[in-house]
Amino acid sequence: MVYVEFSTISKHFGTSVAVADLDLQIEQGEFFSLLGPSGCGKSTTLRMLAGFVKPTTGQIRVNGRNVTALPPEARDIGIVFQNYAIFPHMTVFDNIAFGLVERKLPRAEIKQKVDAALAEVGMTGFEDRYERELSGGQKQRVALARVLVIEPEILLLDEPLSALDKKMREEMKYWIKNIQKSVGITTIYVTHDQSEALTMSDRIAVMDQGRVLQIGTPVEIYEQPASRFIAEFIGESNLLDGTALDVHGAVCSIDIDGTTVTGRLTQNNAAIKGQAVTLLVRPEMIRLHSLDASEKPKLNGTVREIIYQGSVVRYRIQIGHQHVMVEVANRPDLARLDLDDDVEVYWNADSGVAIP
Amino acid sequence: MERKIPLPMLILAILGFCYLLFPILVVVLAGLTTGEFLTFPPKGLSLRWVISFLNSEKYLSAFFFSFKLALMTMIVSTILGTAVALFIARSRFVGRTALRAFFLSPVVLPGVVVGFALYAFFITSGLGISRTIWGLWIGHILYSTPYVIGTVGASLATFDVSLEEAARSLGASPMRAFRKITFPNIAQGIQAGSIFAFIVSFGQFEVSLFLSAPNSEPLPIAMYNSLRYKFEPDAAAAGIFAITLVIASVLLTNRLVNIRRLLERQDG
């Protein structure tokens, strides 16, 4: 069931276009991420849904209701800000109680709900603390409790992990996802961090310059990127330039420096015979040791750089005038390569994706 | 004890401190003289002129008139200045900085210019408020409000707007979000601005010179008029009371704010 729907939403600030003709449909209970570089319009999109920014054109519907003209307080949407926005002059208890007090709930019920919310985010005992007495992760938990306690229709998260250190970020990533799952709330998550989006989301919309470039599950976005921009933005990519030789349904044969390889065409992509195409292969998909002699494609290359990272070893391999990064698991059964070694480069035919 | 400040800096600080305190010392001691005339150092110490001030119809009424005028000015300036500061901080339009500079211009303009301009306007416009309490009040508000805009503007600059947005999306109307979130967080700026407005109005001379009514003079004008004809120490005694009032108002508001804080903590 479509729960949140953007129809031809655009937002202009003066002459600059922040969001252009956006159409989005978000399912009930879904964890949906807006992913893109800064200035791509993801935050503006979120702020339009929250009611802080009025769209220039278009309509936003939530649960069948047109909310486009409603002020934030009439929308029943909970938002967690990048800096958490904990009210500094109130205790943790009063922060979490704020939305309930605004809803004029009886005192006893407020107390009971706040206590339950504190327990849910693991902050029982912190009722009387002030914002300045909390760590980043604790502020995060309070901000989430303050929003969840009012049981909003939608949860909006605006880069909520970017203010935390790396270790905390990893921890909170799974924590937020688990809370979201157990509450079952429709969630829209704004981030510029592709690993957060891949880990947490049910679906991702990749945005750039005010437009949605691709919508899909993390697997689709990572394995079948619709454009070179997405391939480069999400994860690490080897992009090899070649020419389309032949197109057979979803398979495209590509000439790369005289060697013929095949790439998969996704439903988003089309290739035209004789034109330039780019072949995407992820570093972890490439093998330097053949498992099967018949495996194709096979390109000849030379080791130019070795980066030891403990669990994996990364090699930069020169193929003709192009380079690929290859990530190999550090296992005793795979021989270690040396600089300037000549190697044969393989990958599974399915792992190459042709991008126009 | 470990010294945190380098010695030359410490000496300069002490000198600056003395320099600032000296006029106050002069006024206080001159007001406590036993002699007939305003001199420094005083000829002996007594409460003679303080008692004379307390018995003087002219000074006492001027003192209370100034007090009332400063209070009224403070109230209007605080409300106006806070509204203007909020408007400047929250609206995004071309010429915002120009508008800010414009609202602060009475601080930059010489008081004589502001006083004279208003006087000329009141006279020629036929509003009938030249040399009345109302005209004087308007002049004082005009002169004091920029101080409120300045202090409230400064506290708004450090106020995070997402706090207000968070309150809105939790169900608070714009008015309630302001009252419950924004106001408590900029209250210190408003308080500082209102103290400024009070003190500026209480000590205002140039604007008052043009606008005050003959029968209701603010204290600085009364002191000036008195000193023009006779050099008596009761003017200095009046100064003592003016200084006391200003210090008391600063201490009192500080105390009030602390009490409010205290109550808030216990309430939560």
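## Chain contacts and helix packing

In this predicted model, 22 residues of chain A are in contact with 16 residues of chain B, two residues being in contact if their C-beta atoms, placed from the backbone, lie within 7 Å. On the side of chain A that touches chain B, the elements giving two or more residues are strand S6 (77–80) and helix H2 (92–102) of chain A, and H2(A) gives the most, with five residues. Helices (H or I, at least four residues) and strands (E, at least two) are DSSP runs, numbered from the N terminus. This side of chain A divides into 13 nonpolar, five polar and four charged residues, where Ala, Val, Leu, Ile, Met, Phe, Trp, Tyr, Cys and Pro count as nonpolar, Asp, Glu, Lys and Arg as charged, and the others, Gly among them, as polar.

Two helix pairs are tabulated below.

| Helix pair | Axes | Angle |
|---|---|---|
| H3(B) (57–90) and H6(B) (133–157) | within 6 Å | roughly 45 degrees |
| H4(A) (136–148) and H5(A) (166–183) | 11 Å apart | about 15 degrees |

H3(B) and H6(B) are therefore oblique to each other, whereas H4(A) is roughly parallel to H5(A); angles under 35 degrees count as roughly parallel, over 145 as roughly antiparallel, 65 to 115 as roughly perpendicular and the rest as oblique. The contact of H3(B) with H6(B) has 16 nonpolar, nine polar and no charged residues. The contact of H4(A) with H5(A) includes A:Leu144 and A:Leu148 of H4(A) and A:Met168 and A:Met172 of H5(A), and its residues comprise six nonpolar, three polar and no charged.

Residues are numbered from 1 along each chain as its sequence is written, and chains are lettered from A in the order in which they are written. Local features need pLDDT of at least 70 and side-chain atom pairs count only at pLDDT 80 or more, while totals for chains, interfaces and linings use all residues.

Methods: Axes fitted to C-alpha atoms, helices over the stretch in contact; angles between N-to-C directions.
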